[in-house]
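Hi everyone, thanks for coming. I'd like to walk you through a structure that may be new to you, starting with the fold and then stopping at a few residues.

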Amino acid sequence: MIKAIIFDLDGVLCQTEDYRLEKEYEYLESLGVRVSKQDLYTSAGGTKVDKGINFDRLFGEQEAYIRNRKSILNKMHTATDFLDIRTDNIIEVLEFLHEKKIRIACASNSTYARLEIIMNDCMIRNYFDLVLSTELTDKRKPDPYIYNETVRLLNIQKDECIVVEDSKMGIEAAKAAELFTVAYKDKGGFIDQSKADQIITDMREIYTFL
């Protein structure tokens, strides 16, 4: 019996990943950097350090990238209205889970301050029993720590919960914690979600796993 659903934030509850990557794609193109969306989406879910490593690997031989590297890596592509990019049907799903008395948690690499801002702007914060960040540890996804800790704090067994993720690193973290993992497919289908147990394109498909 499923007692809890654990959601990631970016790309799951709010489509910040698609927004950021689309803006990043446009910015790189404007600077003359040759880029494919599939290559760019490999950076989804990573830190600024991860971004630098990935971008150096992808674009390191291009003069336009070398010339603009500092500004590219420092450029922030942040949405100003998170409600506009709130995931479709997420309110309906959260209402359903609440009515069924299924506990709802969020486990993210984002800071607590950012989690609160986005979740409040999206008008979903009040649905969550637990919100957990890796901010105070050095164990970021793909380390399974945050999922193991979320399960512990919810006081449930691992086979009593489902994780909803989108990024390759997030899926790896959930699977390393031995949790059933559902991947919410990104808009372009560019993110490697092959390690997930199931892939969905509509958040309401979660109902079939309960």
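Reading along the sequence, the protein chain goes β-α-α-α-α-α-β-α-β-α-β-α-β-β. If you tally that up, you get eight helices and six strands. Keep in mind, please, that this is a predicted model.

Okay, what about the overall dimensions?

Of the 210 residues in the protein chain, 50% are buried. The protein chain exposes about 10,500 Å², and 48% of that comes from carbon and sulfur atoms. As for charges, there are 29 positive and 37 negative ones, and their mean positions sit 3 Å apart.

Let's begin with Gln193. Where is Gln193? You'll find Gln193 in the loop between strand E5, residues 180–184, and strand E6, residues 198–200. Is Gln193 buried or exposed? Its relative accessible area is 4%, so Gln193 counts as buried, the cut-off being under 20%. What does the side chain of Gln193 reach? That would be the backbone oxygen of Asp166, at 3.0 Å. Asp166 also turns up among the contacts of Gln193, once we leave aside neighbours within four places in sequence.

Next, Tyr19, which belongs to helix H1, residues 16–30. With a relative accessible area of 27%, Tyr19 is partly exposed. Which residues does Tyr19 touch, leaving aside neighbours within four places in sequence? They are His77, Thr78, Ala79 and Ile85. And here's a pair to find on the screen: Tyr19 and Ile206 are 187 residues apart in sequence, and from C-alpha to C-alpha they are 23 Å apart in space.

Let me finish with some backbone details. Asn89 isn't a glycine, and yet its phi is positive, about 70°. Asn89 sits in the loop between helix H4, residues 63–74, and helix H5, residues 90–99. It is partly exposed, at 28% relative accessible area.

Lys101 is another residue other than glycine with a positive phi, this one near 60°. Look for Lys101 in the loop between H5 and strand E2, residues 103–108. Is Lys101 buried or exposed? At 73% relative accessible area, Lys101 is exposed.

One last stop: what kind of peptide bond joins Lys141 and Pro142? A cis one, with omega about 20°. Pro142 itself is in the loop between strand E3, residues 130–133, and helix H7, residues 145–154.

That's my tour, so let's go back to the picture and talk.

Methods
Residues are numbered from 1 along each chain as its sequence is written. This is a predicted model: local features need pLDDT of at least 70, side-chain atom pairs count only at pLDDT 80 or more; totals for chains, interfaces and linings use all residues. Side-chain values use heavy atoms; hydrogens and water are left out. Helices (H or I, at least four residues) and strands (E, at least two) are DSSP runs, numbered from the N terminus. Buried means under 20% relative accessible area, exposed over 50%, partly exposed in between (1.4 Å probe, protein chains only). A polar contact is a pair of N or O atoms within 3.5 Å; within protein, one must be able to donate a hydrogen and the other to accept it, and residues adjacent in sequence count only if both atoms are side-chain atoms. Contact means heavy atoms within 4.5 Å. Accessible areas come from the Shrake-Rupley method with a 1.4 Å probe; for residues, only the protein chains shown count as cover. Lys and Arg count as positive and Asp and Glu as negative; His and the chain ends are not counted. The place of a charge is taken as NZ of Lys, CZ of Arg, CG of Asp or CD of Glu.
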